[in-house]
Amino acid sequence: MSTKKLYTVIIFSENTVGLLNQIAIVFTRRQLNIETLSVSPSAIEGIHKFTITTFSTEDIMDKVVKQIDKRVDILKAYYNTDEDLVFQEIALYKLSTELFLKMGAVEELIRKYNARVLEMNESCVVIQKSGHYEETQALFKELSSTIGVLQFIRSGRVAITKSKVERLSDMLAEMENKLEKKRS
Amino acid sequence: MEKQKITGSEALMKTLVAEGVDTIFGYPGGAIMPVYDCLYDYRDRIRHILVRHEQGATHAAQGYARVSGKVGVAMVTSGPAATNAITGIADALMDSTPLVVISGQVASPLLGSDAFQEIDVIGITLPITKWAYQVRRAEDIAWAISRAFYIASSGRPGPVVIDIAKDAQINKIEYEYNKVNYIRSYQPLPDVNADSVAAAAELINQAKKPLALVGQGVILSNAEKELVAFLEKADIPFGSTILGLSAVSSDHPLNKGMLGMHGNAGPNRKTNECDLLIGIGMRFDDRVTGDLKTYAKQAKIIHFDIDLAEIGKNVPTTVPVHGDAKETLAAVTALLKPAKHTDWIATFKPDEEEENQKVIQKELYPKSGQLKMGEVINKVSEASGHDGILVTDVGQNQMMGVRYFKYKRTRSVVTSGGLGTMGFGLPAAIGAKIGAPDRTVCCFLGDGGFQMTIQELGTIMQEKTNVKIIVLNNNFLGMVRQWQELFFNERYSETVMENPDFVAIAKAYNIAGRVVDKREELDGAIQEMLNHDGAYLLVATVETCGMVYPMIPAGTTVTNIIMGDN
Ligand SMILES: Cc1ncc(C[n+]2csc(CCOP(=O)(O)OP(=O)(O)O)c2C)c(N)n1
């Protein structure tokens with residue numbers, strides 16, 4: 001039996017309505033929980049990119065990706081494990097200004113976690129840190145056990161592959177070729 | 001010069017005509033009235049069949065598509081009409097039937113406001129369509145409809161829903177039609193991979209005991225000739241899935257019958273004896289495979305399919321051949337060495353004899369007792385020269401129908417395979433007759449399923465559709481009763497049916513008919529039905545406690561075949 005691990009599904013799609021719904025249906029039917037999700041325009045104009053993480057097995061991921069790929073407006077879906085990717089999440093922490101300043105060794109803490117202060121006023125401070133889940137979580141733990149965290153939010157994962165170009169580019173070129181052939 | 005402006009509804013009509021549509025199955029209502037008004041001017045070009053329920057519209061469009069190879073078109077209004085159409089849409093997805101369903105929708109400013117008869121058609125149909133799209137502007141109609149036809153009919157076919165807001169039907173636009181035959185994100189015709197073709201040919205050339213499993217993909221890609229050339233060159237015996245039936249004529253020597261739960265013993269048993277299993281345009285459904293853990297473990301597996309998501313979905317594949325069966329079969333055949341597998345093929349004989357003796361003879365040629373379903377079906381098939389189109393409903397009538405009806409031509413079976421939809425038969429038969437007017441359409445129904453869409457007798461009356469309807473009346477929900485007898489200690493919970501006088505109902509619709517319950521009258525009754533000029537209802541009173549055998553209980557091994565002989 002293959003064991004479950006965290007997979008990152010990267011999906012390129014046309015920019016049309018209802019796609020998130022179609023993708024979610026495939027996850028739901030296989031009882032897969034979406035751990036994180038982020039959507040944004042990709043490096044290629046007019047093409048959107050979904051980055052979704054989920055715990056599953058390779059066998060299931062293979063089937064899921066094919067079923068997503070099959071939808072008409074999906075250009076291509078891939079799945080990867082962490083080794084193939086450079087990835088980050090961004091986290092924001094809201095703290096009491098008073099406690100934050102009283103805490104001492106603030107600069108050290110900020111440096112240690114490679115975080116930065118985004119905003120500060122009389123009542124609260126907002127700190128930003130990006131990194132892997134364990135890293136943003138470690139800062140969260142440290143802050144909550146010392147001065148307490150008023151608000152906390154972590155984004156979905158964003159990831160790019162370690163390979164040089166967007167994998168989609170080759171595929172797009174191939175498709176354009178096909179179209180040319182069809183026309184001539 | 002300025003172009004003349006037309007309404008969205010007229011744009012719809014023009015586009016339908018441009019896409020080759022001449023038949024629509026539908027039902028009007030508030031949110032689609034501008035389109036129906038426009039249809040009135042197109043009566044000379046488009047035949048509209050007014051069904052009696054929107055489920056009937058989708059099933060009839062399915063029947064039409066399945067026999068003709070064209071895209072079936074259904075048209076309904078918003079809200080309850082769209083929800084009534086759902087069953088047929090889901091059925092078409094499961095059975096890869098090309099369908100375009102056009103639904104009316106409330107005017108776009110009202111969308112999202114719970115307006116009268118507003119329903120989220122796209123939200124509901126996304127999981128059961130190949131594509132579902134809402135048109136809110138008249139200028140998008142031509143594009144959306146053309147795209148719908150392209151998607152429905154290409155690659156692995158399936159249903160598409162186009163939901164058109166009422167204001168888009170009314171507003172005026174400059175009409176422009178460009179046929180869609182390319183979508184960047186959708187590549188329906190995969191390039192054939194020469195390596196996998198070579199690898200497949202190599203495996204087949206080495207095989208001593210090959211078995212092919214033929215599915216509907218062969219019919220959908222018009223690859224019947226290529227299939228026969230392939231099978232004959234390498235001398236490969238085959239079994240068909242329920243939807244693959246009629247791709248090759250029943251009497252072809254390599255045809256070893258049907259696969260699956262109520263299929264023939266030979267191909268089911270041989271699945272676990274062959275050294276090479278070749279799936280062609282089929283999807284290893286659980287009704288075919290039974291328990292996957294014990295399925296064909298000894299064999300290498302080649303899977304021909306156009307849908308990449310099917311390859312490896314249920315069974316691990318040794319060599320996948322991704323592509324259109326017409327192309328891939330021809331490519332592989334070119335690399336095959338002519339072979340003979342006489343000894344292997346001879347091993348089917350004992351299975352055939354056993355099934356014949358334990359099941360078939362008793363079912364087809366009983367000497368006494370009440371009529372049997374198989375007996376009636378076999379006689380109808382014979383009397384129509386084994387050249388009719390079989391339409392079935394779901395249940396025992398379906399399994400008996402596909403077991404005992406025989407075929408000479410392709411596209412001769414219309415049945416709800418994947419979804420198993422009761423109520424499918426009668427409207428699908430209407431569509432089948434309209435899609436293949438020169439053929440005899442024989443529609444077998446159970447007394448239960450008949451009453452799920454019995455109102456379509458009205459459509460038959462109005463359209464004068466010449467369908468031969470055979471109700472196999474056992475006064476039971478037979479297939480459920482069979483499971484109760486076998487697996488639920490004969491506790492017949494809610495399966496007895498008290499039925500009306502079906503012939504009287506038909507008569508009220510001006511449809512001729514009779515009951516037959518005596519063996520000596522059966523031939524005459526069938527002749528009377530076939531000779532009758534027009535639709536006919538033959539109600540065959542069959543034994544109440546008939547059983548469909550052989551049977552592989554659900555979820556067990558394909559070789560675990562009950563013959564029902566003790
Ligand atoms: C819409 C729908 N409801 C319920 C079922 C479950 N079901 C499958 S077979 C069957 C019995 C069918 O009885 P009948 O139509 O009389 O046909 P028979 O089996 O007697 O030939 C039922 C209830 C179904 N397949 N479809």
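User: Start with chain B. What share of its contacts join residues at least 24 apart?
Analyst: Among contacts between residues at least 6 apart in sequence, 77% join residues at least 24 apart. Contact means heavy atoms within 4.5 Å. This is a predicted model: local features need pLDDT of at least 70, side-chain atom pairs count only at pLDDT 80 or more, and totals for chains, interfaces and linings use all residues. Residues are numbered from 1 along each chain as its sequence is written, chains are lettered from A and ligands numbered from 1 in the order written, and side-chain values use heavy atoms, with hydrogens and water left out.

User: What radius of gyration does chain B have?
Analyst: 24 Å. That agrees with a compact globule of 566 residues, which would be near 24 Å. The radius is taken over C-alpha atoms, and the globule rule is 2.2 Å times the number of residues to the power 0.38.

User: How much of chain B is buried?
Analyst: 61% of its 566 residues count as buried. Buried means under 20% relative accessible area, exposed over 50%, partly exposed in between (1.4 Å probe, protein chains only).

User: Which backbone atoms are close to its oxygens?
Analyst: A ligand oxygen is 2.9 Å from a polar backbone atom of Gly448(B). A ligand oxygen is also 2.9 Å from a polar backbone atom of Met479(B).

User: And what about the side chain of Asn474(B)?
Analyst: One of its N or O atoms is 3.0 Å from an oxygen atom of the ligand.

User: New topic. Asn264(B): buried or exposed?
Analyst: Buried, because its relative accessibility is 19%.

User: Which side chain does Asn264(B) join in a polar contact?
Analyst: That of Glu355(B), at 2.8 Å. A polar contact is a pair of N or O atoms within 3.5 Å; within protein, one must be able to donate a hydrogen and the other to accept it, and residues adjacent in sequence count only if both atoms are side-chain atoms. Beyond four places in sequence, Asn264(B) also touches Arg403(B), among others.

User: Last one, chain A. How far is Ile90(A) from Gly156(A)?
Analyst: 7.8 Å in space, C-alpha to C-alpha, and 66 residues in sequence. Ile90(A) counts as partly exposed, at 36% relative accessibility.
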